[in-house]
Amino acid sequence: MVSIAIRFLAGRSHATGWDHHVNEGVPEWPPAPFRILRALTAASYRIDPAPEQREIVALLQALSASPVYSLPAATQGHVRYFMPT
């Protein structure tokens, strides 16, 4: 079993849910597994020294199973900004 803990440095997450426009104010919570795997893959290219590709593939395969979430209490918020012309 692999566990991942995510801590948002600003104390919040701002991710638009799939099939929604950013102005709809529909957040993606919890973060989609695809979004997490994509972030880990992108980060692997910035590590020095770079890990071997087989290590990255093995990690992503271990994380590709359906996730089980343990989430803190959360609420949905919406903010609208009107810009003067």
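View 1. At 36% relative accessibility, Trp29 counts as partly exposed (buried is under 20% relative accessible area, exposed over 50%, partly exposed in between, with a 1.4 Å probe and protein chains only). This is a predicted model, in which local features need pLDDT of at least 70 and side-chain atom pairs count only at pLDDT 80 or more, while totals for chains, interfaces and linings use all residues. Residues are numbered from 1 along each chain as its sequence is written, and side-chain values use heavy atoms, with hydrogens and water left out. The structure holds two aromatic pairs (rings of Phe, Tyr and Trp, the last by its six-membered ring, with centres within 6.5 Å; planes under 30 degrees apart are stacked, over 60 edge-to-face, the rest tilted). One of them joins Phe8 and Trp29 in a tilted arrangement, 6.1 Å centre to centre with 50 degrees between the planes. The pair links distant parts of the chain, 21 residues apart, with both Phe8 and Trp29 in the segment before H1 (helices are DSSP runs of H or I of at least four residues, strands runs of E of at least two, numbered from the N terminus). Phe8 is partly exposed, at a relative accessible area of 29%.

**View 2. Surroundings of Phe8.** Not counting residues up to four places away in sequence, Phe8 touches Ser13, Trp29 and Pro31 (contact means heavy atoms within 4.5 Å). Phe82 lies 74 residues from Phe8 in sequence, and the two are 27 Å apart in space, C-alpha to C-alpha.

**View 3. The rings of Trp18 and Phe34.** Phe34 is partly exposed at 47% relative accessibility. The ring centres of Trp18 and Phe34 are 6.0 Å apart and the planes are at 55 degrees, so the pair is tilted. This pair also links distant parts of the chain: Trp18 is in the segment before H1 and Phe34 in helix H1, 16 residues apart. Trp18, at 54% relative accessibility, counts as exposed.

**View 4. Glu28 and its contacts.** Glu28 lies in the segment before H1 and is buried, at 8% relative accessibility. Its side chain meets that of Arg35 in a salt bridge of 2.5 Å, N to O (a side-chain nitrogen of Lys or Arg within 4 Å of a carboxyl oxygen of Asp or Glu). Arg35 is partly exposed at 27% relative accessibility. The side chain of Glu28 also reaches the backbone nitrogen of Ala32 at 3.2 Å. Leaving aside neighbours within four places in sequence, Glu28 is in contact with Ala15, Thr16, Gly17, Trp18 and Arg35.

**View 5. The salt bridge of Arg54 and Glu52.** The count comes to two salt bridges; one of them is formed by the side chains of Arg54 and Glu52, at 3.0 Å, N to O. Arg54 is exposed, with a relative accessible area of 58%, whereas Glu52 is partly exposed at 45%.

**View 6. A nonpolar surface patch.** Val2, Ile4, Ile6 and Leu40 form this patch, with about 320 Å² of accessible area together. Val2 is found in the segment before helix H1 (33-44) and is partly exposed, with a relative accessible area of 43%. Patches are made of residues with over 30% relative accessible area and no salt bridge, with like charges joined within 9 Å and nonpolar side chains (Val, Leu, Ile, Met, Phe, Trp, Tyr) within 5 Å. Accessible areas come from the Shrake-Rupley method with a 1.4 Å probe; for residues, only the protein chains shown count as cover.

Technical notes. A polar contact is a pair of N or O atoms within 3.5 Å; within protein, one must be able to donate a hydrogen and the other to accept it, and residues adjacent in sequence count only if both atoms are side-chain atoms.
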